Amino acid sequence: MAIEPHLVTRGIVLRDTDTRDADKILTLLTAEQGKIAVIARGARRRNCKFAACAQPLAYSEWTLYKKGQWYYANEGTTIELFNGLRTELDAMALGFYLAELTETVITEEAPQQELLSLLLNGLYALCYLDKDPALVKTAFQWRLMALAGFQPFVDGCAVCGAEEPAAPMLDVVHGVVRCGGCKSGGGLSLPLTAAGLAALRHILNADGKKLYSFTLEPGALRALDHAGEAFITAQLERNFRTLDYYKSLIY
C-alpha cells in the first residue's frame with residue numbers, strides 16, 4: 001500500500017468539535033489549502049503532544065497526512081495562542097465571532113492567504129495592540145466582506161453621483177451609499193456619518209497593516225458597526241451565535 005505523503009502547513013483553528021473517544025475534528029484555516037477538516041486523535045487527552053494546538057484560535061504549524069477524504073494530525077507546534085484573549089471572556093467571545101464569520105465566507109481547499117492574514121492581524125490587534133474592540137470588530141467585518149467579494153460601493157452617492165453624499169445612508173441590501181435626500185431603491189438603508197463614511201473608505205482600501213489606524217467618535221463608530229452587521233445579515237442571509245453571545249457579555 002502506498003504511503004500518503006505528509007503535508008506541513010500553518011493554520012489557525014476556527015472551530016473544534018468533540019468526536020468519539022478523546023478525538024477532535026478541527027476546522028483549520030490555512031494559507032495554501034484554505035479551509036480543511038482535520039481529525040486530531042487523542043487531542044482531548046492531557047498528554048496529547050498537540051493538545052495546545054487543537055484549541056480554537058490557536059495558530060500552529062501542523063504535519064498532516066491524508067487518508068481518503070480526511071486529513072489527520074501527526075504533529076503540531078504552536079506559533080501563537082493569543083493567550084491574552086483567553087483571560088477575558090468578552091475578548092475571547094469576540095475572537096470566536098471573528099473566526100465564525102471568517103469560516104462562513106471561505107471556500108474549502110482553495111488558497112486563502114488574505115483571509116488568514118486578516119484574521120491573524122485582527123486577533124493580534126485585540127490581544128497585543130490595546131485597540132478598542134469595537135473598532136477592531138467594525139473594521140474586520142467590513143474588510144472581510146470586501147475580500148469575500150461583497151465590497152459595497154462607497155465612492156459616492158449611487159443615485160445623484162455626489163462624491164460626498166449629504167447625510168449618507170448605506171443600503172445594506174444593494175451595497176451602495178446614497179445621500180439621505182436621494183430616493184432609495186427599496187433596500188434597507190441605515191445612516192452613517194461623514195466621518196463614518198470616510199472611515200469605511202479607509203477600511204476598504206487601506207494597506208492591511210494600517211487597517212486599524214483610524215479613530216471615530218463613539219456614535220459614528222456605533223453607526224458604522226450597526227450598518228456592518230446589517231450588511232452581513234443581508235448579504236449572507238444568516239445570523240451568528242457567537243455574535244449574540246458576545247453582545248450578551250458587553251451590553
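How many helices and strands are there in the protein? I counted seven helices and eight strands, taking DSSP runs numbered from the N terminus (H or I, at least four residues, for helices; E, at least two, for strands). The radius of gyration, over C-alpha atoms, is 20 Å, close to the 18 Å of the globule rule for 251 residues, so the protein is as compact as a globular protein of that length. That rule is 2.2 Å times the number of residues to the power 0.38.

I noted that this is a predicted model, where local features need pLDDT of at least 70, side-chain atom pairs count only at pLDDT 80 or more, and totals for chains, interfaces and linings use all residues. Residues are numbered from 1 along each chain as its sequence is written, and side-chain values use heavy atoms, without hydrogens and water.

Next, the overall extent. The C-alpha trace spans about 70 × 40 × 30 Å along its principal axes.

Then I turned to helix α3. Residues 113-128 form α3, 16 residues in all. From first C-alpha to last, α3 reaches 22 Å, close to the 22 Å expected at 1.5 Å a residue, with the expected span being 1.5 Å times one less than the number of residues.

Which residues of α3 are buried? I listed L115, L116, L118, L119, L120, G122, L123, A125, L126 and C127. What do they pack against? Their partners, by contact (heavy atoms within 4.5 Å), include β1 (6-18), β2 (24-30), α2 (89-105) and α4 (133-150). Just after α3, I found D130 with a positive phi of about 55°.

Technical notes
Buried < 20%, exposed > 50% of the residue type's maximum accessible area, 1.4 Å probe, protein only.
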